[in-house]
Amino acid sequence: MMNENIQSKGNTIKNTIRNIVLAVMLISLILMMSEPAAADDTGSMSITNMNKGTESVPVRVVKYTQNSTVTVNGMKYNGKIYKISPSSAGVLKLRFIAKTVNHSDVQVGLFKDAGCTSQAADTKILTKKVASTIQEVQTTKQTRYIAVYSEANSDPYTNVVTVQPYMYNCTGRTLSNNTWCGFASMKSKGRLYFKFKAKYTGYMRVYGHDLTPDTVQLLKSNKKAASVTTTQGKAYYGVTAGKTYYVRIAPKAAATCTRIKVSNKSWREFSGRNRTAAVLKIRNRSWKGTIAAGSTKADWYRVKIGSKRSFRVYAQGRTCGKINVKLYTKKGKSINVKNGSLNSSRKHVTAVSKKVKKGTYYIRVSGQNKYSSGYYKLTWR
């Protein structure tokens, strides 16, 4: 009987201890969940590299009280200082928001040294719940220090500020189809080269976000020009599957954070490379074609007209440079036409001839020179 009582008491003690342990674990979990998930009080912060230019930048929470003491420009303040280490040259950006301000103004600054005596950018005073950004252009990667601080005070208080450090580097890279690439366009660093290998024969579109006033140019694999330069936000080029190209960006501004994307699409064509090999095309049926960048080759088509009438060719497309649509007789004599050119601002044209006799005629599509390219769709009536 005595053994049973001892055993019963032992089980009760075990259950009590287990319940206490579970309660402590539950309280710890609740406390962890109640704290800011992105709090960063380690003395350093990581920088988000904007490799695509569309990344989500984590929010770091800076919380300081009357007991948090820092020195800025030789004076004592309440606040926090964080070290940041860029991985490359480029444009460094810091986005701040003062979430809670219970004492004095919140000041933020970027400094070159841990003692915060040499400024890397202008100090700013934050307005509560209004975003403010500090920017520094780095021609070489340099360690920096973020200071978040307020006038020293002995009375209890807490200020809370969020920080988002991110950076656009200023190096060229290999582009992937339909994928954004973020970068810093810096006049001091010169031209940037972005490599791209075409998967499809057809066209590639280079789309730049806030590229103006930078110039864009397509180059061959040997980095010789394959197009004219353009400052337009979108540029179209005819390309050949398997070939490597470079998109060259020439910066015109001191520093711009931007991004580009290349889209390569198939645009199948069936054309002849000379008048003898011209492909027959039926009236009122449209067909596609491309003029490859860096090439002087032309596309030839053949049509048959059953009676005396005007000869009309409707053309539409996107180009870099000028693409000409010309008409020829069976003997190869050029026929005068009106409105026979596509260019970057003229996406739809109608090449019209005077009345021609019954017979066989030819349509020749070509770039104005080897720097003109793009894609097109034609219909004759």
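Modeller: Go ahead, and keep in mind that this is a predicted model.

Biologist: Now the overall fold. How many strands are there in the protein chain?

Modeller: Of the 381 residues in the chain, 44% are buried. Among contacts between residues at least 6 apart in sequence, 75% join residues at least 24 apart. As for secondary structure, the chain has 1 helix, and the number of strands is 28.

Biologist: Let's zoom in on Tyr 157. Is it buried or exposed?

Modeller: Tyr 157 sits in the loop between β9 and β10. It touches residues including Tyr 64, Gln 66, Asn 102 and Glu 151. Its relative accessible area is 7%, and buried means under 20%, so Tyr 157 is buried.

Biologist: Which residue's side chain makes a polar contact with the side chain of Tyr 157?

Modeller: His 103 is 54 residues away from Tyr 157 in sequence and 6.6 Å away in space, C-alpha to C-alpha. His 103 is also one of the residues that Tyr 157 touches, and so is Asn 78. The polar contact, at 2.9 Å between side chains, is with Asn 78.

Biologist: What about Arg 60: which residue has its backbone oxygen 3.4 Å from a polar atom of that side chain?

Modeller: Arg 60 is in strand β2, which covers residues 60-65. With a relative accessible area of 9%, it falls under the 20% cut-off and therefore counts as buried. The backbone oxygen 3.4 Å from a polar atom of its side chain belongs to Pro 58.

Biologist: And Lys 338, buried or exposed?

Modeller: Lys 338 lies in strand β24 and touches Thr 350, Ala 351 and Val 352 beyond its neighbours up to four places away in sequence. Ser 353 is 15 residues from Lys 338 in sequence, with 6.9 Å between the C-alpha atoms. The relative accessibility of Lys 338 is 62%, over the 50% cut-off, so the residue is exposed.

Biologist: On to pockets. How many charged residues are in the lining of the largest pocket?

Modeller: The largest pocket holds about 320 Å³ of space. Its lining has 18 residues, with Thr 240, Lys 243, Ala 292, Ala 293 and Ser 295 nearest the centre. Strands β16 and β19 each supply at least two of the lining residues. By class, the lining has 5 nonpolar and 7 polar residues, and the charged ones number 6.

Biologist: Last one: which element gives the largest share of the lining of the second largest pocket?

Modeller: That pocket holds about 190 Å³, and among the 15 residues lining it, Gln 232, Lys 234, Thr 319, Cys 320 and Ser 344 are closest to the centre. Two elements give two or more residues to the lining, β15 and β21. The largest share, 4 residues, comes from β21.

Definitions and conventions:
Residues are numbered from 1 along each chain as its sequence is written. This is a predicted model: local features need pLDDT of at least 70, side-chain atom pairs count only at pLDDT 80 or more; totals for chains, interfaces and linings use all residues. Side-chain values use heavy atoms; hydrogens and water are left out. Buried means under 20% relative accessible area, exposed over 50%, partly exposed in between (1.4 Å probe, protein chains only). Contact means heavy atoms within 4.5 Å. On a 1 Å grid over the protein atoms alone, a cavity is a set of points where a 1.4 Å probe fits but cannot get out, and a pocket is an open set with protein on both sides within 12 Å along at least five of seven lines; lining residues have an atom within 4 Å of a point. Grid points are joined across faces, edges and corners, and a volume is the space filled by probe spheres set on the points. Ala, Val, Leu, Ile, Met, Phe, Trp, Tyr, Cys and Pro count as nonpolar, Asp, Glu, Lys and Arg as charged, and the others, Gly among them, as polar. A polar contact is a pair of N or O atoms within 3.5 Å; within protein, one must be able to donate a hydrogen and the other to accept it, and residues adjacent in sequence count only if both atoms are side-chain atoms.
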